[in-house]
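These entries record what I looked up in the structure shown below.

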Amino acid sequence: MPTVTEAIHWLGLDFPATAGNRLYWPFLVSALILGLAYQHWRGLPDFMTKAIWWHPSARQDYALFMLLNIFKLSVLTAILPEIGQFILWGLILWQDWFGYQSKQPASIGVNISFTLSLFVASDFSRYWLHRWMHVSRWLWPIHRLHHTAQALTPITFYRIHPLESLLFGVRYALVTGLVTSAYMHWFGFGLQAHQWLGSLIFVGLANVLGSNLRHSQLPLCYWPWLQHWLISPAQHQWHHTVDGDQRNFGSILALWDRLFGSLHNTSYDNHFQFGLEPEQKSESLLRQLLLLEPKANRHS
Amino acid sequence: MLKAIIHISAVLVVCLAGSSIAATQTAATAEVKLKPALLQHLYKQVLIADSQAAINSLQQLQAQLAQQQDTQPDWPLLQATYRDLALHWKAVEAMYIAGDLNDDYLDHPRYIDYYHQGNESISKQVDKALASDMPLNKALFKHSNKGINALEVMLFPSQPISADLAARHMQGAQLASQTIAMWLGEIAAFYNTDQSFMAGGKSSLSLLVNRLIDSSYKLAYWRVGEAAGLTPKTKGTLHPQSLEFQRAKLSKAAIERILQTHQKIIRNPTGQDLMSVGKAVGVAADMAFLQTRLDATMAALQAVPEPFAEQLTSAAYKTLFNELAMLQNAYYFMLINSLNLEARILDADGD
């Protein structure tokens with residue numbers, strides 16, 4: 001019989017208190033403050049209403065969040081090697097390819113470059129995996145679940161199929177393993193990634209600046225020029241609309257969408273209709289988890 | 001507005017309540033705070049002590065060479081002193097950080113020891129120079145002909161030699177020992193006067209760890225693997241000339257001395273070692289694993305009988321190579337776990 005603490009942990013209810021994830025409390029609070037200020041400034045409808053937060057789709061999100069956390073802690077932990085193993089494989093790979101390199105002390109500049117490389121490589125790989133999940137006939141059924149959300153809340157970030165979680169976990173491990181081992185190949189002990197609030201500094205910064213509003217009903221837009229560089233919450237919300245799911249695949253940087261022709265600039269007064277169909281009905285969660293063919297699959 | 005404040009308060013209460021729960025689960029990422037005594041100990045008892053021991057052996061050898069310039073050389077005596085010198089030098093070389101602390105000292109080891117540098121055969125060159133009629137300062141004009149490897153050739157003739165040739169060997173050895181004394185003296189003087197290591201804190205520690213990793217690689221691949229054709233470079237082909245100190249038959253002893261130097265850094269009886277740092281920063285398990293690997297490597301080395309050069313195809317020799325490769329991986333694991341990257345595979349979801 002699990003203790004209360006264990007149950008809280010297994011259901012992910014300790015996320016707000018755990019640094020390094022998007023629901024860490026400073027990120028939630030900053031998003032709330034930022035959101036309320038923006039809502040007031042633009043005269044937008046309230047985004048903290050019961051209609052949104054207790055929408056059937058949002059309730060599905062909460063259930064999925066807990067289910068996903070149990071899956072991660074049980075199955076993913078058992079099948080995925082630790083990140084250290086990926087880095088070791090990377091080190092062996094670099095050594096085989098380029099020969100051994102005598103390790104030099106890592107300067108501040110090297111550590112900044114390492115941090116930046118981790119961030120850029122991670123954001124780039126997120127973009128492509130996300131895009132791939134939309135265009136691949138095999139991956140779309142997995143990612144589809146995320147797009148059946150009709151009401152967006154920060155928990156929608158975790159409205160994903162366990163297989164998607166596995167794919168993103170492998171992506172993270174491969175990218176982190178390759179980048180970290182490449183730096184470790186030349187710079188041994190003393191290499192450090194700069195972090196803030198438990199996340200890579202650039203990710204932490206993005207989180208404080210409202211990453212949790214990406215999955216919300218508050219269309220916070222950046223200036224048009226900035227939306228060419230950074231994905232605003234409204235741009236990601238556009239991606240969740242009936243018309244926008246082939247646009248704005250980026251996570252933090254808009255650069256990739258711009259480079260690969262999928263960027264869509266967004267305004268706060270656009271019409272955002274979330275979900276897959278204009279008249280979408282709620283689908284059974286079990287059916288979606290079992291990847292059963294939807295009644296009308298627009299990607300088939 | 002009141003509604004908003006209620007929302008914010010509710011979120012804060014939930015979060016702060018959660019904080020107290022998570023606090024028990026989240027390992028604190030402690031900063032490496034080194035005690036000055038630890039760096040001081042490692043510096044004095046390892047770096048300074050080893051370089052001084054090498055100087056002492058060299059001076060003893062120089063005194064013996066000076067005494068024996070006009071007499072028939074006492075080969076066993078000279079060879080025993082050379083062994084001391086060579087092994088002390090291996091300890092200095094394994095943890096050589098003077099070049100990291102000051103660029104002027106970057107190449108000193110390369111001027112003393114030419115093992116695994118270039119493709120030239122120092123033994124052939126030195127034997128040829130000694131057998132020639134040219135004055136030795138001209139015959140041994142190359143730096144590599146006056147290093148510790150050349151000295152080995154001079155003090156360990158491959159076959160019985162005449163008195164005249166023995167005299168040439170003695171003169172050559174004196175020349176080489178002077179060259180080595182110059183570079184080694186500068187290293188020892190630097191360690192004795194420079195204080196930057198002890199003031200360097202974590203960066204000083206990183207120098208030591210990086211040297212341990214370098215050294216473990218060279219042990220596995222240069223000093224053991226290559227000779228037996230176990231590395232990508234010599235795959236499947238025996239290459240006994242890759243062994244270090246082959247003439248002096250010190251290949252195994254050199255490996256042992258380097259491993260002993262690792263041991264002094266990792267765990268020593270005073271407790272001023274990396275093990276204590278590892279415990280302080282929460283990577284005690286990695287350090288314990290490392291110690292296990294070090295013990296296993298030492299045991300594997302002891303299991304390889306002498307003469308070392310005749311064991312290249314034996315199972316024990318291959319086991320030693322595998323153990324050394326695993327030792328390098330153990331160092332890598334320590335390195336990886338010292339990174340502040342969290343194992344966030346579980347929270348790497350997309351958008």
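**Notebook entries**

**Entry 1. Chain B as a whole.** I note at the outset that this is a predicted model. I counted the secondary structure elements of chain B and found 15 helices and zero strands. Chain B has 351 residues, of which 45% are buried. I then looked up its contacts at a separation of 6 or more: 76% of them join residues 24 or more positions apart.

**Entry 2. Helix 15 of chain B.** I took up helix 15 of chain B, residues 315-338. Its 24 residues reach 35 Å from the first C-alpha to the last, close to the 34 Å expected at 1.5 Å a residue. I also checked how far helix 15 of chain B is covered: 17 of its 24 residues are buried.

**Entry 3. Helix 15 against helix 11 in chain B.** How do the axes of helix 11 and helix 15 of chain B cross? They come within 9 Å and cross at roughly 160°. Helix 11 of chain B is therefore roughly antiparallel to helix 15 of chain B, since the angle is over 145 degrees. I recorded the crossing as left-handed. Helix 11 of chain B contributes residues including Leu212(B), Ile213(B), Tyr217(B) and Val224(B), and helix 15 of chain B contributes, among them, Phe321(B), Leu324(B), Gln328(B) and Tyr331(B).

**Entry 4. Helix 3 against helix 12 in chain B.** I next examined helix 3 (residues 75-94) and helix 12 of chain B, whose axes are 9 Å apart at an angle of about 45°. That angle makes helix 3 of chain B oblique to helix 12 of chain B. Their crossing is right-handed. On helix 3 of chain B I list Ala86(B), Leu87(B), Lys90(B), Ala91(B) and Ala94(B), which meet Ala253(B), Ala254(B), Arg257(B), Ile258(B) and Thr261(B) of helix 12 of chain B. The contact comprises seven nonpolar, one polar and two charged residues.

**Entry 5. Helix 5 against helix 8 in chain A.** Residues including Phe86(A), Trp89(A), Gly90(A) and Trp94(A) of helix 5 of chain A meet residues of helix 8 of chain A, among them Leu174(A), Gly177(A), Ser181(A) and His185(A). I count 11 nonpolar, six polar and no charged residues by class.

**Entry 6. Backbone exceptions.** I kept in mind that most residues other than glycine have a negative phi, and that most peptide bonds are trans. Phe245(B) has a positive phi, near 50°. I located Phe245(B) in the loop between helix 11 (202-225) and helix 12 (251-266) of chain B. Is Phe245(B) buried or exposed? Phe245(B) is buried, because 23 other C-beta atoms lie within 10 Å and the cut-off is 20 or more.

Leu291(A) also has a positive phi, of about 60°. Leu291(A) is found in the segment after helix 12 (285-289) of chain A. I class Leu291(A) as partly exposed, with 13 other C-beta atoms within 10 Å.

Finally, I noted a cis peptide bond from Glu306(B) to Pro307(B), with omega near -5°. Pro307(B) is in the loop between helix 14 (284-302) and helix 15 of chain B.

How values were computed:
Residues numbered from 1 in each chain as written. Chains lettered and ligands numbered in written order. Predicted model: local features only at pLDDT ≥ 70, side-chain atom pairs only at ≥ 80, totals over all residues. Helix = DSSP H or I, 4+ residues; strand = E, 2+ residues; numbered from the N terminus. Expected span 1.5 Å × (residues − 1). Buried ≥ 20, exposed ≤ 12 C-beta atoms within 10 Å, placed from the backbone. Contact = placed C-beta atoms within 7 Å. Nonpolar A, V, L, I, M, F, W, Y, C, P; charged D, E, K, R; others polar. Axes fitted to C-alpha atoms, helices over the stretch in contact; angles between N-to-C directions. Parallel < 35°, antiparallel > 145°, perpendicular 65-115°, else oblique. Left-handed = near helix turned anticlockwise from the far one by under 90°.
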